[in-house]
Structures are given as C-alpha cells and as structure tokens.
Amino acid sequence: MNNILAVDISNPRDIALQIAARIKARRLELDLTQEGLAARAGVKFATYRRFEQTGEISLRGLLQIGFALNALSDFDLLFAQKQYQSLDDVLNETSVVRKRGKKK
C-alpha cells in the first residue's frame, strides 16, 4: 500500500479513513486480529474496531497503535519544521514579518 497521502483527498475524514486503511493493512500483514492489535496497543477493542470503520480515534490512541506496530517514526514528519536548502532561504524566511491569524 502507498505510504504517501493521495493528492485528491479533499478533507480530514478522507485522510483519517486512509490512515485507518493503512493500519488495517499493516495489521493484516502481521497476521493480527483487531482484538489482538487492540490488546497490544492498550486500547479498547470497540475503540479500535470503530477506528478501522470510521477513522475516528484520539491522538493518544493512534500513537499507542503506532507504538504497537513499531511505527512511531512514521509520525516524525507530521508538522515538522521547514527544511532550508541554503542560508539565503533562512535569511529570506526570517525577514518576513509575522502576522497574527484572524479571529472568526
């Protein structure tokens, strides 16, 4: 299964479902049942089953599942700091005036 999120995903729900599908695929590669992975991860079976069906789970639960699958390193790039290619890139970035977000 592809580890890169598809470009045509348009909303958080679709992304959550794709993550759940990847975890399910990894679980099946390891020949684990839903109940077995839930027990390894320390999450309730019903919580895990709902996650595979809906993509909904707490961040802590997702991290516990990642730990159980030895996949915590997959979270490393999530919201990682921008990587610069040169000193000029750094200088150009720091010269930009920071703006506050708008209140809604």
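Predicted model: local features only at pLDDT ≥ 70, side-chain atom pairs only at ≥ 80, totals over all residues.

Residues are numbered from 1 along each chain as its sequence is written, and side-chain values use heavy atoms, with hydrogens and water left out.

First, the overall layout. Of the 104 residues, 21% count as buried. Buried here means under 20% relative accessible area, exposed means over 50%, and partly exposed is in between, with a 1.4 Å probe and protein chains only. Among contacts between residues at least 6 apart in sequence, 38% join residues at least 24 apart, where contact means heavy atoms within 4.5 Å.

Back to α4. R60 counts as exposed, at 65% relative accessibility. The C-alpha atoms of R60 and V43 are separated by 9.6 Å, and the two residues are 17 apart along the chain. R60 sits with L59 and F67 among the exposed residues on the face of α4 turned away from its buried side. Which residues of α4 are buried? They are G61, L62, I65, G66 and A68. Seen down the axis of α4, these fall within an arc of 160 degrees, so they line one face of the helix; the arc is that of the directions from the helix axis to the C-beta atoms. As a reminder, an α-helix has 3.6 residues a turn, so residues three or four places apart point the same way. The buried residues of α4 pack against α1, α2 and α3. Just after α4, N70 takes a positive phi of about 55 degrees.

Next, α2, which covers 34-41. Its buried residues are L37, A38 and A41. Down the axis of α2 they fall within an arc of 100 degrees, so they too line one face of their helix. On the other side of α2, E35, A39 and R40 are exposed. The buried residues of α2 pack against α1, α3 and α4. Just after α2, G42 takes a positive phi of about 75 degrees.

Now the helix pairs. Two packed helices are described by the angle between their axes and the distance between the axes. Axes are lines fitted to C-alpha atoms, for helices over the stretch in contact, and angles run from 0 to 180 degrees between N-to-C directions. At what angle do α2 and α4 pack? The angle is about 100 degrees, with the axes 8 Å apart. That makes α2 roughly perpendicular to α4; under 35 degrees counts as roughly parallel, over 145 as roughly antiparallel, 65 to 115 as roughly perpendicular and the rest as oblique. L37, R40 and A41 in α2 meet Q64, I65 and A68 in α4. By class, that contact has four nonpolar, one polar and one charged residues. Nonpolar covers Ala, Val, Leu, Ile, Met, Phe, Trp, Tyr, Cys and Pro, charged covers Asp, Glu, Lys and Arg, and the others, Gly among them, are polar.

The other pair is α1, residues 12-29, with α3, residues 45-54: their axes come within 7 Å and cross at roughly 120 degrees. That makes α1 oblique to α3. From α1, the contact uses L17, I19, A20, I23, K24 and R27, and from α3, Y48, F51, E52, Q53 and T54. These divide into six nonpolar, two polar and three charged.

Last, the charged pairs. How many salt bridges does the structure hold? It holds two, a salt bridge being a side-chain nitrogen of Lys or Arg within 4 Å of a carboxyl oxygen of Asp or Glu. R27 pairs with E52, with the closest N and O atoms 2.7 Å apart. This bridge links helix α1 to helix α3, across 25 residues. R27 is buried, at 7% relative accessible area, and E52 is buried too, at 14%.

R26 pairs with D74, the closest N and O atoms being 3.6 Å apart. R26 is in helix α1 and D74 in the loop between α4 and α5, 48 residues apart. R26 is partly exposed, at 28%, and D74 is exposed, at 53%.

Notes. Helix = DSSP H or I, 4+ residues; strand = E, 2+ residues; numbered from the N terminus.
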